[in-house]
Amino acid sequence: MFEQLKAQQEEMKQKLSTIEVVEESQGIRVTVSADQRVRNITIDPAVLSGGDAEELEDLLMVVINRALEKATEKGAVEMQSQMKDMLGGAGLGSMFSKLF
């Protein structure tokens, strides 16, 4: 049983790494995976031509944090689904579904 849970945990980690969300605002685009890894940041050259480093830094923080929030939400939904499947196999699925 323990080995099966460990295998399912690894499967979940792998799955979360493949789920990506994208947040975009004012010429900055950030891609984050559900395992909380920033995968890509793209900045429109027009944003850079403004020359205001502080504004760019603030905008980056906002966009990255929004992307991380979305990734956390998607990851939680996926983990909830996985837990229902795991507990359903142990005969606890109906109890677990009442909690969510």
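Let me start with S2, where five of the six residues are buried, so this strand is largely enclosed by the rest of the structure. Buried means under 20% relative accessible area, exposed means over 50%, and partly exposed is in between, with a 1.4 Å probe and protein chains only. Helices (H or I, at least four residues) and strands (E, at least two) are DSSP runs, numbered from the N terminus.

A word on where this comes from: it is a predicted model, in which local features need pLDDT of at least 70, side-chain atom pairs count only at pLDDT 80 or more, and totals for chains, interfaces and linings use all residues. Residues are numbered from 1 along each chain as its sequence is written, and side-chain values use heavy atoms, with hydrogens and water left out.

Now the sheet. It is open, has three strands in the order S1-S2-S3, and its pairing is antiparallel. Strands S1 (20–25) and S3 (38–43) stand at the edges with a single partner strand each, so one side of each has no neighbour in the sheet. From one strand to the next the twist averages 10°; axes here are lines fitted to C-alpha atoms, for helices over the stretch in contact, and angles run from 0 to 180 degrees between N-to-C directions.

Two strands pair if DSSP finds at least two bridges between them. S1 and S2 are joined by six bridges, and S2 and S3 by five. Arginine 29 in S2 stands opposite glutamate 24, and its bridge partner in S3 is threonine 42.

The turns come next. Two residues lie between S1 and S2 in their hairpin, where glutamine 26 has a positive phi of about 50°. The hairpin of S2 and S3 has four residues between the strands, and there glutamine 36 takes a positive phi near 70°.

Which residue in S3 does threonine 31 stand opposite? That is asparagine 40. Threonine 31 belongs to S2, residues 28–33, and is buried, at 9% relative accessible area. Beyond its neighbours within four places in sequence, its contacts (heavy atoms within 4.5 Å) include Val22 and Val38.

Last, helix H1. Gln8, Met12 and Leu16 are buried in H1. Viewed down the axis, the buried residues fall within an arc of 75°, so they line one face of the helix; the arc is that of the directions from the helix axis to the C-beta atoms. On the other side of H1, Glu3, Gln14 and Thr18 are exposed.
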